[in-house]
Amino acid sequence: RGGGGVRGGPPPAEPAPAPAPEAPAGGEAPAEGAEAADAEAAPEPEPAPAPAPAEEKKRSKKVKRIPVTVSEAKSVGMSAQELMEAQEEEGKMAIEDKRIKEKADAMNQLEETIYSMRDKLSTSLSAFSTEDEKSPLMALLTSLEDWLYEDGMDVEKSVYDAKYAEIMDKCGPIEARAREADLRPDAIGELRKALARFSEFVGSSDEAYAHIEADDKAKVAAEVEAATAWLS
């Protein structure tokens with residue numbers, strides 16, 4: 001032991017340094033691995049927009065000016081004389097069209113009458129005509145038919161009208177008998193109603209007829225009796 005009360009001996013040892021971190025597998029340093037992780041986490045930058053195309057240069061239009069000479073205007077169309085002549089020609093054409101139509105109508109009327117009358121004489125008018133009437137009429141119709149398709153294809157309207165009148169003059173009485181026979185039942189019915197009405201009047205003692213003389217009533221009674229007998 002030495003003096004001074006201090007125990008001698010070796011000085012205290014210094015603390016050992018901390019161990020260095022181990023390198024990761026593959027030999028990369030730790031700092032480089034952290035930078036790679038940050039790069040993967042960061043989003044990729046968007047591509048820059050394409051530059052706008054340069055505007056095309058507008059083409060300028062070339063204008064060519066042509067001088068125009070204006071002269072005095074002339075009237076267009078027909079003159080007054082030409083207009084009048086055209087109107088006259090149009091009027092003549094209208095008259096001719098009317099003449100042609102009237103002639104065609106007259107021809108068609110004659111043709112239709114020939115066929116219809118020939119048929120009626122054999123059917124609906126047969127009972128109202130005698131054989132002496134029908135025989136010459138049928139011969140006339142046949143003759144007119146032959147003429148119509150031979151010489152009568154292009155004649156004046158007056159000729160067709162004359163042929164039509166000839167047929168109707170000969171067939172008219174026969175058609176009149178047929179019409180009378182058709183209307184007779186209705187006429188007889190109306191006459192019977194009138195006779196019944198007057199018969200009631202003659203035998204009536206109604207005050208409404210008191211002013212009528214007996215002689216007048218007797219005349220009415222005689223007419224009623226005669227008409228009744230005629231109907232029987």
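Modeller: A helix here is a DSSP run of H or I with at least four residues, and helices are numbered from the N terminus. The model under discussion is a predicted one.

Colleague: How many helices and strands are there in the chain?

Modeller: Read along the sequence, the chain follows the pattern α-α-α-α-α. The count for the chain is therefore, by the DSSP runs, five helices and zero strands.

Colleague: What percentage of the residues of the chain count as buried?

Modeller: The accessible surface of the chain comes to about 19900 Å², and carbon and sulfur atoms hold 55% of that surface. A residue is called buried when its relative accessible area is under 20%. Of the 232 residues of the chain, the share that counts as buried is 15%.

Colleague: What share of the contacts in the chain with a separation of 6 or more comes from residues 24 or more positions apart?

Modeller: A contact requires heavy atoms within 4.5 Å. Among the contacts with a separation of 6 or more, residues 24 or more positions apart account for 67%.

Colleague: Is Met107 buried or exposed?

Modeller: Met107 is found in helix H2. Its relative accessibility is 16%, and the cut-off for this class is under 20%. Met107 therefore counts as buried.

Colleague: Which residues does Met107 touch, not counting those up to four places away in sequence?

Modeller: Met107 and Asp161 are 54 residues apart in sequence, and their C-alpha atoms are 8.2 Å apart in space. Leaving aside residues up to four places away in sequence, Met107 touches Leu148, Gly152, Met153 and Tyr160.

Colleague: Which residues make a nonpolar surface patch with Met153?

Modeller: Met153 lies in the loop between H3 and H4. With 44% relative accessibility, Met153 counts as partly exposed, and patch residues need over 30%. The patch, of about 300 Å², is made by Met153 together with Tyr115 and Tyr149.

Colleague: How many salt bridges does the count come to?

Modeller: A salt bridge needs a side-chain nitrogen of Lys or Arg within 4 Å of a carboxyl oxygen of Asp or Glu. By this rule the count of salt bridges is ten.

Colleague: Why are Asp105 and Lys101 separated by about one helical turn?

Modeller: Asp105 forms a salt bridge with Lys101, with 2.9 Å between the closest N and O atoms. Asp105 is partly exposed at 39% relative accessible area, whereas Lys101 is exposed at 52%. The separation is about one helical turn because, in helix H2, the two residues are apart by four residues.

Colleague: With which residue does Asp154 form a salt bridge?

Modeller: The pair links distant parts of the chain, 51 residues apart: Asp154 is in the loop between helix H3 (131-148) and helix H4 (157-202), and the partner is in helix H2. The closest N and O atoms are 2.6 Å apart, and the partner of Asp154 is Lys103.

Colleague: How far apart are the closest N and O atoms in the salt bridge of Lys134 with Glu131?

Modeller: Lys134 and Glu131 are three residues apart in helix H3, which means about one helical turn. Lys134 is buried at 15% relative accessibility, while Glu131 is exposed at 55% relative accessible area. Between Lys134 and Glu131, the closest N and O atoms are apart by 4.0 Å.

Colleague: Which residue bears the nearest side chain of opposite charge to Lys217?

Modeller: Lys217 is found in helix H5, residues 214-231. Not counting residues up to four places away in sequence, Lys217 touches Phe201, Val202, Ser204, Tyr209 and Ile212. Lys217 is buried yet has no salt bridge; at 9.2 Å, the nearest side chain of opposite charge is that of Asp206.

Terms used. Residues numbered from 1 in each chain as written. Predicted model: local features only at pLDDT ≥ 70, side-chain atom pairs only at ≥ 80, totals over all residues. Heavy atoms only, no water. Buried < 20%, exposed > 50% of the residue type's maximum accessible area, 1.4 Å probe, protein only. Areas by Shrake-Rupley, 256 points an atom, 1.4 Å probe, with all protein chains shown as cover. Lys, Arg positive; Asp, Glu negative; His and termini not counted. Patch = residues over 30% accessible without salt bridge, like charges linked within 9 Å, V, L, I, M, F, W, Y side chains within 5 Å.
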